[in-house]
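Good morning, everyone. Please have a look at the sequence and the structure on the screen.

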Amino acid sequence: MKGAFQATRISEHVWWVGAIDWGIRDFHGYSTHRGSTYNAYLIVGDRVTLIDTVKRPFLEEMMARIASVVEPEKIDTIVSNHAEMDHSGSLPDTLARIQPERVFASTMGVKALRDHFHLDRGITALKDGETLDLGGLDLTVLETRMLHWPDSMMTYLGADELLFSQDGFGMHLATSTRFADEIREEILYEEAAKYYANILLPYSPLIRKLLDRVRDLGVPFSVIAPDHGPIWRKDLEKLPQWYALWAEQAPAEKAVIVFDTMWQSTALMARAVHEGLAEGGVESRLMPLGASHRSDVATEILDAGALLVGSPTINNQMFPTVADVLCYLKGLKPQNLVGQAFGSFGWSGEAVGLVKAELDAMKIEPVGEPIKVKYVPDEDALRACRALGSQTAAALKEKSHGL
Ligand code: FEO
C-alpha cells in the first residue's frame with residue numbers, strides 16, 4: 001500500500017520530495033497568506049543525491065516522500081544550495097539517519113552550516129563553475145553569493161536541463177499541484193512579485209548580473225526548480241522577464257500612500273493626497289497600516305514611483321506602525337522614488353520631521369514640503385494635501401516621460 005506522502009517526478013532523473021506548509025502566515029516578518037512549500041529534490045542516477053532539505057518540523061514528511069522513491073539510506077550525496085533553516089533545518093537529522101558519503105555546499109555554505117549546526121562531520125566546499133559527478137549525471141555549480149545569503153548557490157543538472165534555483169524564482173505559495181503551469185498566472189505573478197519585493201529587492205543589481213550570466217551560459221533550460229512554490233516546466237522565459245522588469249526599478253506612474261492615524265486627522269490628510277493623485281491621472285494605493293501588512297506595502301512599492309507617508313505624533317515620536325514599516329522598507333532599499341511626509345499633531349509634532357528624515361535616509365526625492373497640521377485639518381490644510389498629491393502626480397509623469 002502506498003505511504004501517505006509520495007514524491008512527484010519532475011524530470012527524467014529528479015523527484016520533488018519536499019513539504020507543503022499550508023498554515024504558515026508569518027515568514028520572518030513577511031505575511032505568507034497563501035502558505036509555502038519547502039522544496040527538496042532527489043536526483044536518481046548511479047548515485048542518489050538529495051538537494052537541500054526542509055524546515056525542521058517537516059523532516060518526516062520529506063523522509064516519507066524520499067522513501068516512496070528509494071530507501072533513504074541509498075542517498076550517498078547531499079548538496080546544500082542554501083543554509084537558511086527553511087532548507088537546512090532537517091539537515092542534521094538527515095545526516096544522522098542516512099550517513100551519506102558526501103556532503104557539499106558553497107565555500108560560504110560550509111561556514112554557514114558549521115555555524116548553524118556545529119556538525120562533527122566534514123562538508124566539502126564547491127567552487128563556482130565546478131561540476132560534480134553524481135554517478136553518470138553532472139551537477140554544475142552557479143554561485144549566487146548574496147542572492148540572497150552569502151552562501152547561496154544554484155545548481156544545474158545538465159542531463160535534465162534543470163536548474164535548482166534555490167530561493168531565486170521562488171514564491172511562498174502552498175498548492176496541491178507542484179507545477180506552475182497548473183496554477184493561474186495572476187496568482188503566480190502576485191506571489192512571485194511579493195517574494196521579489198520582500199526578499200530579493202535589495203540585491204537587484206546582482207539579479208541583473210545573474211540574468212546576464214545565465215543567458216551567457218548558453219545552456220538549455222527545460223525546468224526551473226526553486227526551493228519555494230511551484231516548479232516551472234513551461235513558459236520558462238516568464239520568470240526571467242518578470243525579474244528583469246522588477247530589478248530595473250524604473251520610476252512608474254503609481255504612488256503608495258502609507259499612514260496610520262489616532263483620531264482620523266492623518267487619515268483625512270491621506271485621503272486628500274489620494275484625491276490629488278487621482279486628479280493628476282496617477283494610480284495610487286492608500287494603505288492604512290491598521291489594515292496593511294508591511295510586506296504588502298513592500299510589494300506595492302515594487303512597481304511604484306512615489307511613497308507618501310503620514311504619521312500622527314505620539315509621545316514625541318512617529319506612530320509605532322509607521323516606524324515599523326519605514327524600518328522594514330529602508331532595509332529593502334527601494335530605488336527611484338519620490339515622496340513626502342505628512343501628519344497631524346497635538347502639541348509638539350515631531351513625527352513629520354522624523355518621517356521626513358527616514359525618507360531622506362532612503363534617498364527618496366522630496367516633492368514639495370512636508371505638511372504638518374495641528375489637531376484636525378481645515379479646508380486649507382486639506383487643499384494643501386490635495387496639492388501634494390497633484391504635485392506628486394506631475395513629478396511622476398515628468399520622470400516617466402523623461403526615461
Ligand atoms: Fe528560503 Fe533564504 O531561505
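This is a predicted model: local features need pLDDT of at least 70, side-chain atom pairs count only at pLDDT 80 or more; totals for chains, interfaces and linings use all residues.

The chain is divided into two domains. Domain 1 covers 8-247. Domain 2 covers 254-394. How far apart are the C-alpha centres of domain 1 and domain 2? They lie 38 Å apart.

Now, where the domains meet. Domain 1 gives eleven residues to the contact, and domain 2 gives twelve residues. Together, domain 1 and domain 2 bury about 1000 Å² between them. Of that area, 58% is on carbon and sulfur atoms.

Six residue pairs are in polar contact between domain 1 and domain 2, with both residues at pLDDT 80 or more. Which elements of domain 1 each supply at least two residues to the side that touches domain 2? They are strand S5, residues 30-31, and helix H5, residues 185-200. H5 gives the largest share, with five residues. What about residue classes? The side of domain 1 that touches domain 2 has seven nonpolar residues, three polar ones and one charged one.

How many salt bridges cross the interface of domain 1 and domain 2? The rule finds one. Please find aspartate 296 and lysine 194 as well. Their side chains meet in a salt bridge, at 2.8 Å from N to O.

A search of the whole structure finds 31 salt bridges. I will walk through a few.

Start with arginine 65 and glutamate 61. Their closest N and O atoms are 2.6 Å apart, and the two form a salt bridge. Where do they sit? Both lie in helix H1. They are four residues apart, about one turn of the helix. H1 runs over residues 59-67. Glutamate 61 has 12%, so glutamate 61 counts as buried. Arginine 65 has 8%, so arginine 65 is buried too. Leaving aside neighbours within four places in sequence, glutamate 61 touches Phe5, Gly18, Ala19 and Ile20.

Now try glutamate 143 and arginine 145. Their side chains meet in a salt bridge, at 3.3 Å from N to O. Arginine 145 is partly exposed, because its relative accessibility is 42%.

One more pair: glutamate 365 and lysine 399. Their side chains form a salt bridge at 3.4 Å, N to O. This pair links distant parts of the chain, 34 residues apart. Glutamate 365 is in strand S23, residues 365-366. Lysine 399 is in helix H12, residues 379-401. Glutamate 365 is partly exposed, at 42% relative accessibility. Lysine 399 is partly exposed, at 25%. Salt bridges can also share partners. Lys254, Glu283, Arg285, Glu300 and Asp303 are joined that way into one network.

On to threonine 32. Where is it? Threonine 32 sits in the loop between S5 and strand S6, and S6 is residues 36-38. Threonine 32 has a relative accessible area of 1%, so threonine 32 counts as buried. What does its side chain reach? It reaches the backbone nitrogen of aspartate 26, at 3.4 Å. Beyond neighbours within four places in sequence, threonine 32 is in contact with Ile24, Arg25, Asp26, Phe27 and His172.

Last stop, phenylalanine 104. Phenylalanine 104 lies in strand S10, residues 102-106. Its relative accessibility is 7%, so phenylalanine 104 counts as buried. Which residues surround it in contact? Leaving aside neighbours within four places in sequence, the contacts of phenylalanine 104 are Thr77, Ile78, Val79, Ser80, Ile123, Thr124, Leu126 and Leu132. Take threonine 77 from that list. Phenylalanine 104 and threonine 77 are 27 residues apart in sequence. In space they are 7.8 Å apart, C-alpha to C-alpha.

That is the tour. Questions, please.

Key
Residues are numbered from 1 along each chain as its sequence is written. Side-chain values use heavy atoms; hydrogens and water are left out. Domain bounds come from an automatic or database domain assignment. Contact means heavy atoms within 4.5 Å. Buried area is the accessible area (1.4 Å probe) that two parts lose on being put together, summed over both. A salt bridge is a side-chain nitrogen of Lys or Arg within 4 Å of a carboxyl oxygen of Asp or Glu. A polar contact is a pair of N or O atoms within 3.5 Å; within protein, one must be able to donate a hydrogen and the other to accept it, and residues adjacent in sequence count only if both atoms are side-chain atoms. Ala, Val, Leu, Ile, Met, Phe, Trp, Tyr, Cys and Pro count as nonpolar, Asp, Glu, Lys and Arg as charged, and the others, Gly among them, as polar. Buried means under 20% relative accessible area, exposed over 50%, partly exposed in between (1.4 Å probe, protein chains only).
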